[in-house]
Amino acid sequence: MELDAAYVMEWANLLLRWLHIITGIAWIGASFYFIALDNSLEPPKDGNPLVRGEQWSLHGGGFYYKRKYKGAPEAMPTTLHWFKWEAYWTWMSGFALFVLIYWGQASTYLIDPQVLDMPVWLAILVSLAMIVAGWVGYDRLCRRIPDERRLLLAGSGLLVVLALIATHIFSGRGAFLLIGAITGTIMVANVAMVIIPGQKKMVKSIEAGEAPDPIHGQRGMQRSVHNTYLTLPVLLLMISPHYPMLYQHRFNWLVLILIFVAGALIRQFFVLRHSGRSNWALPVGGVVALGLLALLVAPRPDPRFAGAEVPAFEEVQAIMASRCAACHAARPSFEGIAAAPKGVLLDNPAQIRRWAAATRQQVQTEAMPPGNVTELTDAERAKIIAWVAAGAPAR
Ligand code: HEC
């Protein structure tokens with residue numbers, strides 16, 4: 001048996017993705033839980049002045065009693081649970097996946113010559129620089145701007161700049177995943193560089209018998225609140241590779257911004273709701289943003305691909321054989337592709353007809369061929385679209 005590299009990569013991809021989803025669920029789940037807990041704390045019944053609030057809850061057949069202290073507890077507990085490895089593993093597995101897919105196969109996934117033709121090394125360097133710059137820029141803003149409203153404006157400005165740059169130099173898909181990776185990096189760095197070090201300092205002062213500096217608690221809370229608003233947008237960006245209607249759009253930078261607006265508004269609604277207040281303007285705003293998004297990306301007949309006669313099936317087969325089958329075949333010949341992507345086979349008549357609807361979707365959004373590597377012409381796109389529109393006839 002021969003172990004080819006593409007096959008090994010496919011397994012690495014699967015295992016990393018599995019790990020990434022598991023740790024991501026654990027992390028975001030814990031993050032949602034603690035934000036909801038914070039928002040539903042009630043004043044302590046025993047009037048303990050050290051306690052900010054307490055909560056009773058019921059889960060899995062048992063009663064729980066949680067209290068949050070303003071600063072130091074009466075005595076340092078012997079075992080203390082920290083929440084950090086979920087975040088670190090989510091980032092490590094996610095970064096490894098990014099390296100494997102978007103750097104390892106940069107010419108397919110990150111670079112689109114129709115957007116900007118650049119060498120692989122440059123694409124890797126620029127995307128890495130943007131990940132670092134995203135965190136450094138955000139962290140600086142947080143430290144310099146004390147007012148949360150002005151910080152929101154500045155942070156949004158940073159997002160718009162990064163979105164504009166990414167969508168104008170990388171493939172739509174690469175740009176979306178990169179903005180997701182930048183956001184995820186900010187979230188994990190908030191944990192690793194601000195929240196956890198602050199907590200370590202708090203514990204140290206308490207152990208030394210001193211009152212912990214409240215700045216660490218405040219900063220930690222601020223960053224964890226920021227993280228909660230980023231969760232919904234980042235999750236959508238992580239699944240965006242399935243939706244070329246989003247990332248392939250001419251105004252995909254605007255799509256990115258609307259995703260952030262909708263996600264943050266919807267999250268804000270839930271945050272308030274957990275503290276017993278419901279502000280329906282928020283989810284309505286979120287839905288309006290999604291509605292605008294849907295209008296923006298609604299398919300319009302593209303004049304470049306319109307007006308073709310319905311071609312004979314043989315002609316469609318010939319186009320697919322030359323433009324698609326290098327990857328979409330039982331035995332792909334394209335380097336780095338081990339098996340037909342997504343199980344889509346375009347090397348025989350029955351399968352070509354089976355995948356007709358999906359093919360149209362991919363061809364009219366120009367998601368396929370990726371980066372148009374096989375140089376599908378506009379006229380050929382028009383023919384494929386006309387053929388599918390006519391019901392994908394077999395003759
Ligand atoms: C360079 C290799 C390559 C070529 C050439 C190629 N594809 Fe793909 N195709 C892929 C990859 C990789 C994916 C999986 C993308 C992903 O991970 O979401 C894919 C996915 C698809 C899907 C499934 C999309 C989904 O997520 O449901 C369809 C349909 C498709 N391609 C059609 C085509 C058609 C039609 C052509 C020719 C016009 C074509 N492809 C050319 C690599 C290729």
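Visitor: Which residues come nearest to the ligand here?
Guide: Of the 21 residues around the ligand, Tyr109, Cys324, Cys327, His328 and Met368 come nearest, where a residue counts as near if one of its heavy atoms lies within 4 Å. This is a predicted model, in which local features need pLDDT of at least 70, side-chain atom pairs count only at pLDDT 80 or more, and totals for chains, interfaces and linings use all residues. Residues are numbered from 1 along each chain as its sequence is written, and side-chain values use heavy atoms, with hydrogens and water left out.

Visitor: What coordinates the iron atom of the ligand?
Guide: His328, through NE2, and Met368, through SD, coordinate the iron atom at 2.0 to 2.3 Å; donors are N, O and S atoms within 2.8 Å of the metal (3.2 Å for Na, K and Ca), and water is not among the atoms, so sites may look incomplete.

Visitor: And where in the chain do those two sit?
Guide: His328 is in the loop between α11 (313-323) and α12 (349-354), while Met368 is in the loop between α13 (356-364) and α14 (378-389), 40 residues apart; helices here are DSSP runs (H or I, at least four residues), numbered from the N terminus.

Visitor: Is His328 buried or exposed?
Guide: His328 counts as buried because its relative accessibility is 10%, whereas Met368, at 28%, counts as partly exposed; buried means under 20% relative accessible area, exposed over 50%, and partly exposed in between (1.4 Å probe, protein chains only).

Visitor: Switching topic, which side chain has an N or O atom 3.1 Å from an oxygen atom of the ligand?
Guide: That is Arg173, and a polar side-chain atom of Lys342 lies 2.8 Å from an oxygen atom of the ligand.

Definitions and conventions
Polar contact = N/O pair within 3.5 Å; in protein donor to acceptor, adjacent residues only side chain to side chain.
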